[in-house]
Amino acid sequence: PLYEEYAGFHPVLIDLSRLEQALGGTHSPGYQQIISTREQMHSEYNEFARVSKLFARQVSIEEYLSFRIAVQSRAFHVSEITKSEALEEGPTIQKEKEYYRQTIEIDFDEYAIAIMPVNDWMNSHANNNVEVGEYNPVSRTWQASSIKPIPKGGELINNYGERLDVVLFSQYGYVPSDGSGSTFARLYAYHDISLAGYQPNKEPPQETMLKYLQRDFGYFECIQGKKHPEAAELKHPE
């Protein structure tokens, strides 16, 4: 896809006000993850452009972002090559690994990522019907196979593994619509505001107060009543 196509739906490129509205505010983990991913991509481009004038002239920021998103959504960890039971030992696997060391300087004994576009054609779901498994050193491909009956015309569904919805959303641009994805929640018990360094009629330390306010964001009922008048006044001065 071109940049214009990605910009219409991918969360890393869409307008921030639209993203904020969709995610319910800037405080959500999903929003923060996407902002972090966006800043990382821009930082990469700026650094490449800084060290290479040729790169800066030939590749625009829009082109780089579209390339980066395409690669990101099609790249998978392939360290499984060393875990395959069929290839754990013997000259075949050693010859294959040496081939990659010499040609593209990838050492599979350490860590590697490969682009597998066919794998990306299959959506990911916990209830998958396809599994990408053994590596074939002859054809230099990973082999995918069905793990349950698939009707004619049925969708091929892979499983990328247990990934948080915020990661799927920022990296692939989607989350499972049936709630089968993984997520997390931050739960904080109410804590005395004095622990943040606040004292009546004194200026509180900004750093500790910021952490306190972030952790209590949205819990209006936690700071009401006679028990915590200073907290209620601080967060709701009206």
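Visitor: What span should the 14 residues of helix 5 have, and what makes the model agree with it?

Guide: This is a predicted model. At 1.5 Å a residue, helix 5 should span 20 Å, and its end C-alpha atoms are 20 Å apart, so the two values agree.

Visitor: How do you know that helix 3 reaches the span expected at 1.5 Å a residue?

Guide: Helix 3 covers residues 29-51, which is 23 residues. From its first C-alpha to its last it reaches 33 Å, close to the 33 Å expected.

Visitor: Why is Arg38 called buried?

Guide: Buried means under 20% relative accessible area. Arg38 has 16% relative accessibility, so it counts as buried. Its place is in helix 3, where the buried residues also include Gly30, Tyr31, Ile34, Ile35 and Thr37.

Visitor: What is Arg38 in contact with, leaving aside its neighbours within four places in sequence?

Guide: Arg38 is in contact with Pro11, Val12, Leu13, Ile14 and Leu16.

Visitor: Which helices do the buried residues of helix 3 pack against?

Guide: They pack against helix 2 (16-23), helix 4 (53-58), helix 5 (61-74) and helix 8 (165-172).

Visitor: Why is Gln72 called buried?

Guide: The cut-off is under 20% relative accessible area. Gln72 has 13%, so it is buried. Its place is in helix 5, and Gln72 is listed there among the buried residues, along with Tyr64, Leu65, Ser66, Arg68, Ile69, Ala70 and Ser73.

Visitor: What is Gln72 in contact with beyond its neighbours within four places in sequence?

Guide: Gln72 is in contact with Thr37, Met41, Ser170, Gln171 and Tyr172. The buried residues of helix 5 pack against helix 3 and helix 8, among others including helix 1 (3-7), strand 1 (75-77) and helix 7 (117-121).

Visitor: Is Tyr45 buried or exposed, and why?

Guide: Tyr45 has a relative accessible area of 10%, so it is buried.

Visitor: What makes the pair of Tyr99 and Tyr100 edge-to-face?

Guide: The planes of Tyr99 and Tyr100 are at 75°, with 5.3 Å centre to centre. An angle over 60 degrees counts as edge-to-face, so this pair qualifies. Tyr100, at 12% relative accessibility, counts as buried, whereas Tyr99, at 34%, counts as partly exposed.

Visitor: Which residues form one aromatic cluster with Tyr45?

Guide: Phe48, Phe55 and Tyr64 form one aromatic cluster with Tyr45.

Visitor: Why is Gly133 called partly exposed?

Guide: Gly133 has 31% relative accessibility, so it counts as partly exposed. Gly133 lies in strand 4 (residues 130-136) and is in contact with Trp142 and Gln143, leaving aside neighbours within four places in sequence. Gly133 and Gln143 are 5.7 Å apart, C-alpha to C-alpha, and ten residues apart in sequence.

Visitor: What is the mean pLDDT of the chain, and where does pLDDT stay under 50?

Guide: The mean is 76, and 68% of the residues reach 70 or more. pLDDT stays under 50 over residues 217-221, for which the model has three contacts beyond four places in sequence.

Visitor: How many helices and strands does the chain have, and what share of its residues is buried?

Guide: The secondary structure comes to ten helices and six strands. Buried residues make up 32% of the 238 residues.

Notes: Residues numbered from 1 in each chain as written. Predicted model: local features only at pLDDT ≥ 70, side-chain atom pairs only at ≥ 80, totals over all residues. Heavy atoms only, no water. Helix = DSSP H or I, 4+ residues; strand = E, 2+ residues; numbered from the N terminus. Expected span 1.5 Å × (residues − 1). Buried < 20%, exposed > 50% of the residue type's maximum accessible area, 1.4 Å probe, protein only. Contact = heavy atoms within 4.5 Å. pLDDT = per-residue confidence, 0-100. Phe/Tyr/Trp six-rings, centres within 6.5 Å; stacked < 30°, edge-to-face > 60°.
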